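Subject: Handover of a structure and notes on its salt bridges

Dear colleague,

Please find the structure below for your review. My notes on its salt bridges follow it.

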Amino acid sequence: MYSVLDYGQMAACGVRMDAYKRAIAGAVKPGSIVVDIGAGTGILSLLAVRAGARRVHAIEPNPAVWLIPELAAENGCADRIEVHPTTSFEVELPERADVVISDLRGSLSLHGDHLATLRDAKERLLKPGGTLMPMRDRLFVAAVDGRAMTATFERSAEGFLEHGFSARAAQSLFRHTVLGDWSSKIHASDVLTTAAPWATIEYGAAPPRLDEEVELTTTRLGTADGLALWFEATIADGIVFDTAPGMALVYSRTFLPFVEPLRLDEGDRLRVTLRADERGTRWAWDTHHLNAAGATKVRFRQSTFLGMPTSPSALLRASSSHAPSRSPRGDRVQQILNLMDGDHSVDEITEALRASSPASMTRDALLEEVREAVERYAR
Ligand SMILES: C[S@@+](CC[C@H](N)C(=O)[O-])C[C@H]1O[C@@H](n2cnc3c(N)ncnc32)[C@H](O)[C@@H]1O
């Protein structure tokens with residue numbers, strides 16, 4: 001969960017803020033109704049008010065949202081921003097918006113419910129013909145010298161080696177892991193190939209195609225350790241920024257390591273087939289390294305699936321034909337949900353739970369489960 005400081009850093013990201021500021025000033029007219037999804041501490045809501053919005057509905061489940069009324073009062077516009085402390089999926093608004101603003105990305109646009117949120121917002125919260133912001137993201141990929149990133153793998157193995165243990169079983173999984181370049185930035189000078197557009201996300205539209213082959217041509221000789229992915233954002237027509245290696249923005253790049261470093265010689269090409277789910281949790285990347293004459297140097301297949309140890313029973317549980325039955329914890333959650341009827345207090349629900357739970361469960365532990373369920377499922 002983001003802290004208030006995190007939101008401050010987002011508001012301090014000059015390139016991003018400049019793009020959103022210009023797009024909001026262009027789309028929001030005096031009297032407009034605006035919805036700000038994932039408002040955080042409300043920087044985009046305040047910009048919408050400045051552009052003339054009559055009312056801004058600021059939607060955000062993070063408790064940081066309660067700073068918005070204070071900040072709005074400080075800035076003389078408390079009467080124009082209405083806070084909704086929940087997710088956009090749960091909110092029912094009294095009016096549809098002329099403009100829906102958001103930035104729900106992580107290091108990439110494929111981030112949790114992001115795409116589903118904007119499809120739902122277009123359908124339920126935006127006026128027909130209204131403006132959805134951002135408009136589109138294009139995702140790019142290039143092969144990079146990622147020594148700074150792969151050093152993480154060595155450091156992770158050293159933890160075992162220093163204590164006299166080998167760690168081969170774990171090490172073989174490291175390179176099927178997707179990393180963000182938060183601390184060791186991938187620089188522009190690390191890019192060794194052409195950059196190829198891999199996917200286009202039209203926000204509010206049908207799910208994008210996230211299974212494409214790209215061809216990357218060597219532009220600088222060197223050793224490629226993996227693929228860097230970034231996005232080019234179109235916030236509104238003509239208002240574009242990107243997060244390519246070398247760009248200092250609040251977003252990081254995504255790094256997909258190769259099984260082994262690839263020495264790129266003159267004329268070498270990489271054919272990469274990249275697949276992901278739209279939540280950005282599952283990735284698969286197949287790499288085919290060819291020389292200038294088109295002969296195969298090496299090819300390999302990687303995926304986040306191969307990066308997690310699994311067992312036959314875990315695979316069965318993940319299958320869509322599996323018929324699950326509730327665990328004791330599931331029984332408790334069901335009991336809590338049944339008692340969340342507007343009549344029972346949190347204390348009463350906890351007491352009811354105590355009566356049917358093993359004595360080893362402390363009251364505090366049960367109270368925590370009730371609070372979690374309230375946070376998640378209560379109105
Ligand atoms: C990257 S922050 C953006 C904060 C602020 N709008 C900005 O641009 O600086 C994204 C926020 O979206 C919120 N969020 C994600 N999905 C949401 C949804 N469906 N409804 C409301 N908020 C959501 C997260 O809690 C997070 O605070």
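A residue is called partly exposed when its relative accessible area lies between the limits for buried, under 20%, and exposed, over 50%. Glu202 has a relative accessibility of 36% and therefore counts as partly exposed. Please note that the model is a predicted one.

A search of the whole structure gives 29 salt bridges. Three of them are described here.

Glu82 and Arg55 form a salt bridge in which the closest N and O atoms are 3.9 Å apart. This pair links distant parts of the chain, with Glu82 in strand S3 and Arg55 in strand S2, 27 residues apart. Glu82 is partly exposed at a relative accessible area of 32%, and Arg55 is partly exposed at 27%.

Glu202 meets the side chain of Arg136 in a salt bridge of 2.8 Å, N to O. Here strand S6, which holds Arg136, is linked to strand S8, which holds Glu202, across 66 residues. Arg136 is partly exposed, with a relative accessible area of 25%.

Asp137 forms a salt bridge with Arg105, and their closest N and O atoms are 2.8 Å apart. Asp137 belongs to strand S6, whereas Arg105 sits in the loop between strand S4 and helix H5, 32 residues apart. Asp137 has a relative accessible area of 0% and is therefore buried; Arg105, at 4%, is buried as well. Salt bridges with shared partners join Asp137 and Arg105 with Arg16 and Asp103 into one network.

Yours sincerely

Notes:
Residues numbered from 1 in each chain as written. Predicted model: local features only at pLDDT ≥ 70, side-chain atom pairs only at ≥ 80, totals over all residues. Heavy atoms only, no water. Salt bridge = Lys/Arg side-chain N within 4 Å of Asp/Glu carboxyl O. Helix = DSSP H or I, 4+ residues; strand = E, 2+ residues; numbered from the N terminus. Buried < 20%, exposed > 50% of the residue type's maximum accessible area, 1.4 Å probe, protein only.
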